[in-house]
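I opened the notebook to follow a few side chains through this fold and then to step back to its sheet and its cores. My entries come below, in the order in which I looked things up.

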Amino acid sequence: MRQGRIYVVATADGGHAELTLDPQLQEATEEVLRTFQIPYAGAVVLSVPDGRVLALVGRSAVDGNLGPADLALRPWAPAASVFKVVSAAALVSEGGLTGQSQTCYHGGVSAVLADNLIDLPRIDRRCDTLAYGLGKSQNAILAKLARRHLTADQLARVGHAFGFGSAIPFDLPLEPSHLDVPTEDLEFARAAAGFWHSTLSPLHGALLAAAIANQGVMPAPTLVERAYDAEGVGRPVPITRPRAVIDAATAREVGRMMELTTRIGTAKATFRDRRGHRYLNVEVAGKTGTLSAETDKGFVGYSWFVGYAPVDRPRIAFAVALGNHPTWRIKATYVARRIVATYLAEKGDRAALRTLAAR
């Protein structure tokens, strides 16, 4: 329940807790998901570097019983190409590569096939970098580099360091994201490129982005700012320490790759106009993810965006996961842009206000 500029919830023992939620970010995120009637949607915004949860939203246009516990704190969606962030970190920290490491390739636009993993000079007509592969979400580049420079154990180790398969302490029940890394060549390469084998919750997605933004240190997420007993006496709020998941140099290298997503890559059209000019006054780093599947709820087209802003001095990290039907209205990148614009508008950024007004 909102009380003035804060959210307050009652506790089981008759006390109450004040939450970390930012009313403008929380309500703006709720509003955009409500306006576009997304079948399944979850979004989380975190403060960097302290991990305070500024927005926690889960909403379904087809099932009113689903809320934040189901759509923000559960790994209901495949990680898809968001997992490429983990693979890129592994290629740097375990494989010894940089964003400028190159490979020649063919195909890989929407799938990873066996011949994408081998050199075929007659049809390998493009040679591009790991950074290009991440920004453009080019599957063949990530798959080929992972197959050549990583083992299944190395990729799994980095995935687990980022929190996959592990319980992450939080004030509410948070279901662990899933990861299995096959040892067979083709399925290993597909896993590295984000084709199945991993799931992700929006809160975990925001933490993943926060770890890159925070020099490789994943903040401990917290939702409770202050707590009081039934008599109104303050009581201690448990504190969980942040933890290092990768070294700072690796985080900086991966962060530079993620910047390409909004500059030249799969989110460029959302964050820049046709002339390449930014819609916002800050650079945003991120990673998209797209995958579709037939589920027990019918066709679901998954759309992800995880990221952080501003690039030069990160203050927020976020994740948006949408589950659309065949006819969809918006992608996760649009919701993310509105989240960043709302944050900047709070700080008095006039360009952000114009962006919000233009929808």
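**Entry on glutamine 138.** I looked up where the side chain of glutamine 138 goes, and I found that it reaches the backbone oxygen of glycine 107 at 2.7 Å. I count this as a polar contact, meaning a pair of N or O atoms within 3.5 Å, where within protein one must be able to donate a hydrogen and the other to accept it, and where residues adjacent in sequence count only if both atoms are side-chain atoms. Glutamine 138 sits in the loop between α4 (130–136) and α5 (139–149); helices here are DSSP runs of H or I with at least four residues, strands are runs of E with at least two, and both are numbered from the N terminus. Is glutamine 138 buried or exposed? I noted a relative accessible area of 9%, so it is buried, where buried means under 20%, exposed over 50% and partly exposed in between, with a 1.4 Å probe and protein chains only. Leaving aside neighbours within four places in sequence, glutamine 138 is in contact with residues including Lys84, Tyr105 and Val109, contact being heavy atoms within 4.5 Å.

**Entry on the source.** I must keep in mind that this is a predicted model, in which local features need pLDDT of at least 70 and side-chain atom pairs count only at pLDDT 80 or more, while totals for chains, interfaces and linings use all residues. Residues are numbered from 1 along each chain as its sequence is written, and side-chain values use heavy atoms, with hydrogens and water left out.

Threonine 29 lies in helix α1, and with 2% relative accessibility it counts as buried. A polar atom of its side chain lies 2.8 Å from the backbone oxygen of leucine 25, and, not counting residues up to four places away in sequence, threonine 29 touches Ala43, Ala55, Val57 and Ile339. I then turned to serine 93, which is found in helix α3 and is partly exposed, with a relative accessible area of 32%. For serine 93, a polar side-chain atom lies 2.8 Å from the backbone oxygen of alanine 89, and its contacts beyond four places in sequence are Val158, Asp247 and Thr250.

**Entry on helix α7.** In α7 (residues 185–193) I listed the buried residues as Leu186, Phe188, Ala189, Ala191, Ala192 and Ala193, and these pack against α3 (83–93), α5 and α6 (152–161). Glutamate 184 caps the N-terminal end of α7, with a side-chain oxygen 3.1 Å from the backbone nitrogen of leucine 186, and just after the helix glycine 194 takes a positive phi of about 100°.

**Entry on the sheet.** I traced an open sheet of 5 strands in the order β1-β2-β3-β11-β12, with antiparallel pairing; two strands pair if DSSP finds at least two bridges between them. The edge strands, β1 (2–3) and β12 (234–235), each pair on one side only. Strands β2 (residues 6–10) and β3 (residues 16–19) are joined by 3 bridges, and valine 9 has alanine 17 in β3 as its bridge partner.

**Entry on the cores.** Last, I looked up the largest nonpolar core, which has 90 residues, with Leu155, Phe162 and Trp304 making the most contacts inside it. Such a core is a set of buried Ala, Val, Leu, Ile, Met, Phe, Trp, Tyr and Cys residues joined through side-chain atoms within 4.5 Å. Its largest share, 9 residues, comes from helix α8 (residues 202–213).
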